[in-house]
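Here's a quick briefing to read with the structure open beside you.

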Protein chains: 2
Amino acid sequence: MLDRVDDNGSEIRTLMAGIGLRARAASAPLSIATTQAKNAALNAMASQVETAREAILLANAKDMEAGRARSFTAAVLDRLTLDEGRIAAIADSIRAIAGLPDPVGEVMTEWDRPNGLHIERVRTPLGVVGVIYESRPNVTADAGALCLKSGNAVILRGGSDSVHSSRAIHAALVEGLREAGLPDDAIQLVPTTDRAAVGELLTGLSGAVDVIVPRGGKSLVARVEADARVPVFAHLEGLCHIYVDKSAELDMAVEIVANAKMRRTGICGALETLLIDRTALDTHLIPILNRLAERGCEIRGDEAVCAAWPQAKVAEDADWATEYLDAIVSVAVVDGISGAIQHINRWSSRHTEAIVAEDDDAVGRFFAEIDSAILLHNASTQFADGGEFGMGAEIGIATGKMHARGPVGLEQLCSFKYRVRGTGQTRP
Amino acid sequence: MLDRVDDNGSEIRTLMAGIGLRARAASAPLSIATTQAKNAALNAMASQVETAREAILLANAKDMEAGRARSFTAAVLDRLTLDEGRIAAIADSIRAIAGLPDPVGEVMTEWDRPNGLHIERVRTPLGVVGVIYESRPNVTADAGALCLKSGNAVILRGGSDSVHSSRAIHAALVEGLREAGLPDDAIQLVPTTDRAAVGELLTGLSGAVDVIVPRGGKSLVARVEADARVPVFAHLEGLCHIYVDKSAELDMAVEIVANAKMRRTGICGALETLLIDRTALDTHLIPILNRLAERGCEIRGDEAVCAAWPQAKVAEDADWATEYLDAIVSVAVVDGISGAIQHINRWSSRHTEAIVAEDDDAVGRFFAEIDSAILLHNASTQFADGGEFGMGAEIGIATGKMHARGPVGLEQLCSFKYRVRGTGQTRP
C-alpha cells in the first residue's frame, strides 16, 4: 500500500516520472559515447571520490550514528562503515572498471548469407538500468561505474540506512561526469527514502526503465519479483551445495569444504549444505567435519551424520532450505551422484554448486543434470564471483535463466542488435 | 476479471497447475535427451502429421465452418485454412528443425584463469516455455518442434478459432514423441479455450514456467505484458521504416522500397513508413511513389510529400504510429540522416529499419544511433526473418532488449550455465 494515490504518492510519482524522462534522455548520448569519454569520466569520478573523502566520511558518520541509535547488529554496522581504506577501495574499483574493455559496439558474431547479405550481431547498451539496493554504500559507486562503462543511464535507489553516505558518493560521481562532459543524468540517485519511490521504479516509469537489478535480502527480492512490470535480473539467495563423492581425494575435499564454508560466511557463494556420498561416510566425513568444527563451524546433520559424528546437532527440514550466511553448515548423506543430484535439484536456489570427485562419470552427470548458474568441479564455491571469473567488477550474481545468469558484469548489462549490410537485395 | 476465483476459476486453476507440474517433470529428461533422440522424435512427429492428414483436414473444416459462421474476414480465414499443401509444409518444417544443429551443450565460450580454473559457458535449455498464440494452426507444430529441439518442455495455448486443427496436430505430435520414447508431456496443449487459462499461465504456474512467448496481435501482447509474472519474450508490432538518403542509388531505392512494402504486406517486417531526405525530394520521391502506386499501394504523405505528389492522401499523426499490415504506406520528408534518426527514435517499435544510401557517414550514424533489433543497409526490411538470417525456423521476432532480440530461434530458446573445472583450488 506504499504506492497508493495520496498527496505524497502523487508527489513521488511526479518526481520519479521526471527522473525516468531524464534518464531516458541521457541514455541516447551515453549509448554512443566513445570509450575515451567514458573512461575519462570514470577516472574523474575516482579522483572526485578521493577529493571528497572528508565529506563522505562525515556523511557516513551520520548514517553510523543513526544505525547505532536503531541498534543495528555489528554485521550491519560493518557493512555500513566507510573509512579511508574503504574509500580508497571505492576509487580503485572505479579505476579498474575504466581499465576493462568497452563492451559496446563489440561484434559478437558475424556471418554471410548466400544472397550476399552480411549480418553482424553487435553489443549495445540496455538503455536505462534501475538498481535497488540496501545498506552497502559502495554499491552507489560500483553500480554507477558499471552502468556508465556499459553505456547505460542508471537510476540508483539506495537504502535509507546509508542515505547520507550514498548522497555524498553520488555527488562526487556527478562531479566526475561533469568534468568529462557527460550528462549529469547518466547517474541519478533517487533523492527520497520514501518507499513509494521503489514502487514507482518497479512500474518502469512509463517505459523509461529497461531492467531492474535488485541487490538485497529476501524481502527486497520478493517485492521486486511481485511488483516489477519490467524485466528483472533475478538475484535470489545463494543456497550453495558441495557434494563429496566417494572418489574424492580426501585432503582436497577437506580443504575445499573448509574454504567454501569458512573463508567468508556472509557471501552468496558460501557453502550452506554439504552432501556426502554414503559410501564415503567412513573415509571422508569425519576429517571434513573435524576441520569445519576446528574452524568454529556449527554442524547440523541428518540421522546418519549424527550417528557417525555425535557432536552434530540434528538438522530439521528447514535447514535444507536455509541460507545461513553464518558459521553453520547442514550436512546430509546421499546415495551417490544420483542422490546428490536429487537433493540439489530439490533444495538449491540455482546459484552455485560444486562436486569433489575423481570419477569422470560422476562429474559428467553433475555438470549435465544440475541446472544452476555455476557448477564447479574440485574447486571452492567461493569462486562464484565476477572478479574471480575474470569478468572484472560485477553488480551481482543472477540466478534467473534469462539474459544474465551468474556474475553480472559489463557484458550482461548489454543487449545487442543486428546490423545487416546489403548491396540492394530484395526478398524474392 | 477472467481469472477471478469462482467455481470455474478454481477448476481451471487446478487444471493448469497440473499441466505446469507435468511440464516441469518432463523438462528434466528433455534437458539431457540426446540429439539423436530429439531428432528421432521430430522425424516421427513429421511422419505422424502426414499420416493424420485426413483427421487434421476434418478438424480444420470444423474451425473453418465456425469461422465463416462468425463472419471472419477473408484474411483471417486464409490464415486458418489448412490444405494438403500446408500440411505437407508443416511436416517439412518439423523435419527442417530436426536438421538444425542441437544448441544444447554447445560451449559458447571458454577461458582459463591464472589459478588454473578452466571456465566454460555452456548452452542449456530454458526449461518450460509457455506459448500463447492466436489463429494460425501451424504454430502448434512449429513451436512444439522448436521447443523440443532446444530441450524445453512447452505448454501451448492456441486460440479458440483454430482449436480443432490445433488439437489434431497436437495429437500427431504426441504420437511422434511416444514413438521415440520421449515423454508425452514434452508438448502439452491446454485443453480448454477458457481465457482464464491464459491468466493462469501468465502467473507462471507456481514457478513451473520459465518464459512466456506471445504470438499475436496488440491486445494479446498488451495483456501478456500487463499480467505476466514471469519473463516474456516481448513481440511488439513491426512498425518498420526505410530512410532514403540523398546519396541513395535511385534504382536500388525504388526496388527496395517496393519490395519492402508490397512483397507481402501482412508480415511484421513489411515497410510501414518511408522517410525521404529533403534534398532528395526532387530526384527520388516521385519514382519511388510511382512504383508503389503502380503496385497498388495507397500513399499517405506529409505536407511536403502531398505538395510534390498530389495524388497522396494527407497523413495524420496517427499514421506515423500505425502498423498497417496492408497496402498503405505513410511517407514523411526529413532533414537528412539526423531527421531520419529523430523520426525513427520517436515512432519506431524497435523491430526493423533500413537505410538506402551510399554515404558511409549516414550509414554509420544510422547503425549507431538507432536502437532497433534489426538495422539494414541497402536491403529490404522483408529480410527480417529467422530463415533469411540462416537461423532456421523461428518462433517470432522479439522487440525487447533482454535475452532474445530479433529472430527467436533455437539459440534464443536456450539459457546457459558455467562449468568450472579445478584441481583443488580454494580462494585465498
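**Where the two chains meet**

Together, chain B and chain A bury about 5600 Å², and 53% of that sits on carbon and sulfur atoms. Keep in mind that this is a predicted model.

**Who makes the chain contact**

- Met402(B), Tyr418(B) and Arg427(B) supply 15% of the area that chain B buries against chain A, more than any other three residues.
- As for head count, chain A puts 68 residues into the contact and chain B puts in 68 residues.

**Domains of chain A**

- Chain A splits into domain 1, which covers 7–233 + 413–420, and domain 2, which covers 240–388.
- Going by their C-alpha centres, domain 1 of chain A and domain 2 of chain A are 35 Å apart.

**Chain A: H5 with H6**

- Helix H5 (residues 84–99) of chain A and helix H6 (residues 138–149) of chain A have axes that come within 10 Å and cross at roughly 10°.
- Since angles under 35 degrees count as roughly parallel, that makes H5(A) roughly parallel to H6(A).
- The handedness of the H5(A) and H6(A) crossing is right-handed.
- On the H5(A) side, the contact uses Ile90(A), Ser93(A), Ile94(A), Ile97(A), Ala98(A) and Gly99(A); H6(A) brings Asn138(A), Ala141(A), Asp142(A), Ala145(A), Leu146(A) and Lys149(A).
- Sorted by class, the contact of H5(A) with H6(A) comes out as seven nonpolar, three polar and two charged residues.

**Chain A: H8 with H9**

- Helix H8 (residues 196–203) of chain A packs on helix H9 (residues 218–227) of chain A at an angle of about 45°, and their axes are 9 Å apart.
- H8(A) and H9(A) are therefore oblique to each other.
- Where H8(A) passes H9(A), the crossing is right-handed.
- Val198(A), Gly199(A) and Leu202(A) do the touching for H8(A), with Arg223(A), Val224(A) and Asp227(A) doing it for H9(A).
- The class tally for the contact of H8(A) with H9(A) is three nonpolar, one polar and two charged residues.

**Chain B: H2 with H7**

- Over in chain B, the axes of helix H2 (residues 35–51) of chain B and helix H7 (residues 163–179) of chain B come within 7 Å, crossing at roughly 140°.
- That leaves H2(B) and H7(B) oblique to each other.
- H2(B) goes past H7(B) in a right-handed crossing.
- From H2(B), the residues involved are Ala41(B), Ala44(B), Met45(B), Gln48(B) and Val49(B); in H7(B) they meet Ala172(B), Leu173(B), Glu175(B), Gly176(B), Leu177(B) and Glu179(B).

Key. Residues are numbered from 1 along each chain as its sequence is written. Chains are lettered from A and ligands numbered from 1 in the order in which they are written. This is a predicted model: local features need pLDDT of at least 70, side-chain atom pairs count only at pLDDT 80 or more; totals for chains, interfaces and linings use all residues. Side-chain values use heavy atoms; hydrogens and water are left out. Axes are lines fitted to C-alpha atoms, for helices over the stretch in contact, and angles run from 0 to 180 degrees between N-to-C directions. Helices (H or I, at least four residues) and strands (E, at least two) are DSSP runs, numbered from the N terminus. Angles under 35 degrees count as roughly parallel, over 145 as roughly antiparallel, 65 to 115 as roughly perpendicular and the rest as oblique. A crossing is left-handed if the near helix is turned anticlockwise from the far one by less than a right angle, and right-handed if clockwise. Contact means heavy atoms within 4.5 Å. Ala, Val, Leu, Ile, Met, Phe, Trp, Tyr, Cys and Pro count as nonpolar, Asp, Glu, Lys and Arg as charged, and the others, Gly among them, as polar. Domain bounds come from an automatic or database domain assignment. Buried area is the accessible area (1.4 Å probe) that two parts lose on being put together, summed over both.
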